Amino acid sequence: MSDIKFYKHQQIPLEMHKVKIVQQLRLLPADERLKKMYAAGFNTFQLHNGDIFLDMLTDSGVNAMSDMMQAAMMHPDDAYAGSETFFRMAAKLEEIFGIKYCLPAHQGRACENILATRFVKPGNCVIMNYHFTTAKAHITRVGGRVEELVSDAGLETESTLPFKGNIDLDKLEACIKKETPANIPFVRLEAGTNLIGGQPVSYENFKAATDLCKKYGIMTVLDASLLQDNLYFIKTREDSMKDKSIREITRMIADCFDIIYFSARKFGFARGGALLIRDETLFHSMEDLIPMFEGFLTYGGMSVREMEAMTVGFDESMEMDVISQGPQFIKYMVDELAAYGVPMVTPAGGLGGHINAREVLEHLKAEEYPAGALVCAQYLAGGIRGMERGTLSEERNADGSERIASVELVRLAVPRRVFTLSQIEYVIDRVKWLYDHRRMIGGLRFVHEPKTLRFFTGILEPTSDWPEKLTAAYKADFGEDA
Ligand code: F0G
């Protein structure tokens, strides 16, 4: 860990908060975990939270609120229409992003539904740096298709590139010319690019890509769900931005876009979402969809208590002491594991640490879902729940063949302000053990395979008795109760 350079340059990632409320955890014995894995159909989404020791599935809706956020929840203004809570939230968003019009929605994918329903027509092409599962599902649902133009170097799992989420500007221009602007309802750029390992986009790239879209008259949309990690990386990795405040950087990014949307399950530390729309006419063209799908225009499916909390959470997302914590813990975990030889996505990104399952389980075929198998093995070996982000998360091609994901990852998310350093050390220890025993891990196959978003509800089984053998080896090393 000698090369770890943190913001403020301490050598140990420090929690810049203290724990005031706790939730009891339990670690089921290894044999119990094996039974639970079978009951969950080898799909970690189907596990019950009470059977999990450390839940690293996601950072969505499970980030810790601050005392100030909880305090704000005590003074909401509840009304079907015209809630003052909504106006406080919209004013805070306008202060931060400089965008006046706000449509509330119950979470990020609801915003994606609104965007796809209003703007995407059959045959349209939506260009992105990289897709997110729900964003793509909504676009294809209405007959559109997605072009992902992240730079080739961004897909190299091991790298020293600081901004692997950047869109390739040459490919973007070529794609606009090929598709023609009329067939491109919008270009979507995702901050903190989720599926390639929480990798950031530089300010320079946001600006250049959106300038290009403007030249061709194409609408630009920012998915800001993972903006807070991206802001940390711009501040610490982009030389020309290091003297700017987080608020200044946020405004500079926001100024590039016509529409910004986010999941407030991530950005804002609460639950909910919103679309911010710069142009009044554009805003009016979308607003009827909110009462239809979400709820009235001043709550959009969110509870007023959550809206009050997130209004405070937005302010906290503008503080370096708050937004640095996730990326620093993640970097610590990733660097320790990489030093041991575990193939990790580097450099460490936001959101979580990402293990390159394709390389760890190189003895498995892509059709045996290496990342899906590894994520199940990680629950068996330590009660840790991660998330598969690979071929299992894709949908099959029209001819029924597997669509092999460009990257096959296991994500160990680090929800913000939730885990202590000793819990991260435990994770490091158990991932190392699993890496040493990787040849014992076999594949998975579907028993029940839904057509859409199959990773959520699919039921799978192991292709051999590898889970029993792995559990036996684990007990031999750590004891019956571990
Ligand atoms: N965009 C990005 C970049 C996301 O990471 C997510 C959710 C969404 C949109 C959808 O937001 O869940 O509020 O509907 N990501 C979660 C995750 C699910 O675990 O990474 P949502």
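Buried means under 20% relative accessible area. Keep that cut-off in mind for this predicted model.

**Stop 1: Phe 262**

Select Phe 262, in strand E7. Its relative accessible area is 0%, so Phe 262 is buried. Now show what surrounds this side chain. Leaving out residues up to four places away in sequence, Phe 262 touches Leu 93, Gly 108, Cys 111, Ala 224, Ser 225, Phe 267, Gly 272, Gly 273, Ala 274, Leu 276 and Phe 314. Pick Cys 111 from that set. Phe 262 and Cys 111 are 151 residues apart in sequence, yet their C-alpha atoms are 7.6 Å apart in space.

**Stop 2: helix H9**

Select residues 246-254, which form helix H9. Which residues of H9 are buried? They are Ile 246, Ile 249, Thr 250, Ile 253 and Ala 254. Look down the axis: these residues cover an arc of only 135°, which means they sit on the same side of H9.

**Stop 3: the cysteines**

Colour the cysteine sulfurs. How many disulfides does the whole structure hold? The search finds zero. Start with Cys 102, which is in no disulfide. The nearest cysteine sulfur to Cys 102 is that of Cys 111, 9.1 Å away. A disulfide requires sulfur atoms within 2.5 Å. Cys 102 has a relative accessible area of 9%, so Cys 102 is buried. Move to Cys 256, also in no disulfide. Here the nearest cysteine sulfur belongs to Cys 213, at 11 Å. Cys 256 has a relative accessible area of 4%, so this residue is buried too.

**Stop 4: the largest pocket**

Switch to a surface view. The largest pocket has a volume of about 1,400 Å³. Its lining counts 38 residues. Select Ile 21, Ala 64, Met 65, Arg 417 and Val 418 to find the lining residues that lie nearest the centre. By class, the lining has 15 nonpolar, twelve polar and eleven charged residues. Now highlight helix H2 (67-72) and H13. Each supplies at least two residues of this lining. Which element gives the most? H2 does, with three residues.

**Stop 5: the largest cavity**

Go inside. The structure holds five cavities of 30 Å³ or more. About 80 Å³ of space lies in the largest cavity. Select its lining: Tyr 130, His 131, Leu 195, Arg 389, Gly 390, Ser 393, Glu 394, Ala 405 and Val 407. Colour these by class and you get four nonpolar, three polar and two charged residues.

**Stop 6: Thr 133**

Is Thr 133 buried or exposed? Its relative accessibility is 8%, so Thr 133 counts as buried. Show its contacts, leaving aside neighbours within four places in sequence. They are Leu 195, Arg 389, Ser 393, Leu 453 and Phe 455. Leu 195, Arg 389 and Ser 393 are among the residues that line the largest cavity.

**Stop 7**

Finish on the backbone, in three loops.

- Select Thr 346 and Pro 347. A cis peptide bond joins them, with omega about -5°. Pro 347 is in the loop between helix H14 (325-340) and strand E9 (352-356).
- Select Thr 180. Its phi is positive, about 70°, although Thr 180 is not a glycine. Thr 180 lies in the loop between helix H6 (169-179) and strand E5 (187-190). At 38% relative accessibility, Thr 180 counts as partly exposed.
- Select Tyr 369. Its phi is also positive, about 55°, and Tyr 369 is not a glycine. The loop here runs between helix H15 (357-360) and helix H16 (370-380). At 2% relative accessibility, Tyr 369 counts as buried.

Conventions: Residues numbered from 1 in each chain as written. Heavy atoms only, no water. 1 Å grid on protein atoms, 1.4 Å probe; cavity = no way out; pocket = protein on both sides within 12 Å on 5 of 7 lines; lining within 4 Å. Points joined across faces, edges and corners; volume = space filled by probe spheres on them. Nonpolar A, V, L, I, M, F, W, Y, C, P; charged D, E, K, R; others polar. Buried < 20%, exposed > 50% of the residue type's maximum accessible area, 1.4 Å probe, protein only. Contact = heavy atoms within 4.5 Å. Helix = DSSP H or I, 4+ residues; strand = E, 2+ residues; numbered from the N terminus. Arc of directions from axis to C-beta.
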